Amino acid sequence: MKRGTWIAGGTAGVLALGAAGLSGRYLAKGCSIPPLPPMAAHNVTITLSSFHSKILNASVGVAKIGPRVSAPANEGRVCFCLPGRGGTARDQAIGLYADRDLGALLAEPGAVPLTLVFVDGGESYWHPRRGGEDRLRMLIDEVVRPLVAPGAEFASSRGHAGILGWSMGGYGALLAGALHPELFSAVCGVSAAIWRTAADQQGAVPDAFDDAEDFAEHDVFARISELRHAKVRIDCGTGDPFYDADKAFVAALEADGQHPDATFETGCHNAPFWQSGMTKNLAFLSEALR
């Protein structure tokens, strides 16, 4: 991996992440006002890197935010973070001020040493596409497994990693959590871009899946029972276009006998809402991975 460290302020570019591919009706008035940046954190480090993915035959960016002081053996935990459609690891990590919220969390007594690993999101919706791109396999085989394999940086986290995603990344987090119970025990979807039917999806973001058959094969509603091994959280704004589907997903988990954590508060499908929920979403992941 090509490594480097980035130290600077936030970026406004992340404000549009996750909205790419959505029609104008998906963004309500008054939903794009950026929040004031929180105080900088001094107990975490941000490392930017990239690697050449053999699976994608392309360069993939990675942003890692973790404790400045290394965690004792067997105590460190890792959460993989998936941006919205078209989002980069750098913009999602920096633009949402994830270092500030993680720093505040780590400053609390008895906090679990948690590291966040962001990965470029691309456009292909975190599932294998007939065109050949399989960003989910890239994530699992080239990012997750190398970090949690025996002898790796987070070997103690094997089976205890978390996965967090926003918008398209929220869908990807739910799918990855369902497909890989051996890797993820905590799953958090924020403004998860999911649909209850292929018709709903085709009417909203037609290219998110190849066709109805592709949708059915990778439908997270059809994989509800496959999340029984994990602690699941859904966070979505009441003004979000995916509010109804996200709420229905929580209801489906409950009907399956699961006990998801969920928050539905005033907010839209944008970075201000995602930043406002970062504190509670990281707290959930930290406790779930304890």
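1. Phe184 is a buried residue of this predicted model, its relative accessibility being 0%. Because the cut-off for burial is under 20% relative accessible area, that value places Phe184 among the buried residues.

2. Phe80 is likewise buried, and its relative accessible area is 0%.

3. Aromatic pairing is the next topic. In total, ten aromatic pairs are counted in the model. One of these joins Phe80 and Phe184 in an edge-to-face arrangement, with 6.4 Å from centre to centre and 80 degrees between the planes. This pair connects distant parts of the chain: Phe80 belongs to strand 4 (residues 77-82) and Phe184 to strand 7 (residues 184-190), and the two are 104 residues apart.

4. A further pair is formed by Tyr125 and Trp195, whose ring centres are 5.9 Å apart. Their planes meet at 35 degrees, so the pair is classed as tilted. Tyr125 is found in the loop between strand 5 (114-119) and helix 3 (135-148), while Trp195 is found in the loop between strand 7 and helix 5 (198-204). The pair therefore ties together parts that lie 70 residues apart in sequence.

5. Are Tyr125 and Trp195 buried or exposed? Tyr125 is buried, with a relative accessible area of 3%. Trp195 also counts as buried, at 7% relative accessibility.

6. Tyr125 and Trp195 also belong to a cluster linked by ring pairs. The cluster includes Tyr171, Phe209, Phe215 and Phe242 as well.

Notes:
Residues numbered from 1 in each chain as written. Predicted model: local features only at pLDDT ≥ 70, side-chain atom pairs only at ≥ 80, totals over all residues. Heavy atoms only, no water. Phe/Tyr/Trp six-rings, centres within 6.5 Å; stacked < 30°, edge-to-face > 60°. Helix = DSSP H or I, 4+ residues; strand = E, 2+ residues; numbered from the N terminus. Buried < 20%, exposed > 50% of the residue type's maximum accessible area, 1.4 Å probe, protein only.
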